[in-house]
Amino acid sequence: MTQYKQEKYKEFAMRAKEFIAKNPTASRKRIADYAGVYTGTLERLQDQYDFKLPEPMNIKQKRKATNWNTMISSDKKWG
């Protein structure tokens, strides 16, 4: 962990903790986007800063979380 200073890693961890508290069902990607780093960085930081990332979603969970109505209707332009 040499790309950022220790204070910056602490800030990333605090932002991740805050987002997890507000949105407990959020995906790992959304948490990482909010924190401003990649998921792999948060995986390394979770032991050090006492927060837990959710388990990665499997294919079935990803499909269930997708809003298919908006996806299908935006692709079809009938006119």
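Helices (H or I, at least four residues) and strands (E, at least two) are taken here as DSSP runs, numbered from the N terminus. This is a predicted model, in which local features need pLDDT of at least 70 and side-chain atom pairs count only at pLDDT 80 or more, while totals for chains, interfaces and linings use all residues. Residues are numbered from 1 along each chain as its sequence is written, and side-chain values use heavy atoms, with hydrogens and water left out.

**Arg28 in helix α2**

Arg28 has its place in helix α2, and this residue is buried, with a relative accessible area of 15%; buried means under 20% relative accessible area, exposed over 50%, and partly exposed in between, with a 1.4 Å probe and protein chains only. A polar atom of the Arg28 side chain lies 2.7 Å from the backbone oxygen of Pro54. Once its neighbours within four places in sequence are set aside, Arg28 is in contact (heavy atoms within 4.5 Å) with Thr39, Glu43, Leu53, Pro54, Glu55 and Pro56.

An α-helix has 3.6 residues a turn, so residues three or four places apart point the same way.

| Helix | Buried residues |
|---|---|
| α2 (residues 28-35) | Arg28, Ile31, Ala32, Ala35 |
| α1 | Tyr9, Phe12, Ala13, Ala16, Phe19 |

Seen down the axis of α1, its buried residues fall within an arc of 130°, so they line one face of the helix; the arc is that of the directions from the helix axis to the C-beta atoms. For α2, the buried residues fall within an arc of 95° when seen down the axis, so they too line one face of their helix.

The buried residues of α1 pack against α2 and α3, whereas the face of α1 turned away from its buried side carries the exposed residues Glu7, Ala21 and Lys22. What covers the buried residues of α2 includes α1 (6-22) and α3 (39-48). Following α2 comes Gly36, whose phi is positive, near 95°.

**How α2 meets α3**

α2 and α3 pack at an angle of about 90°, with their axes 9 Å apart, where axes are lines fitted to C-alpha atoms, for helices over the stretch in contact, and angles run from 0 to 180 degrees between N-to-C directions. That makes α2 roughly perpendicular to α3, a description that applies to angles of 65 to 115 degrees. On the α2 side the contact is made by Arg28, Lys29, Ile31, Ala32 and Ala35, and on the α3 side by Thr39, Leu42 and Glu43.

Methods:
Polar contact = N/O pair within 3.5 Å; in protein donor to acceptor, adjacent residues only side chain to side chain. Parallel < 35°, antiparallel > 145°, perpendicular 65-115°, else oblique.
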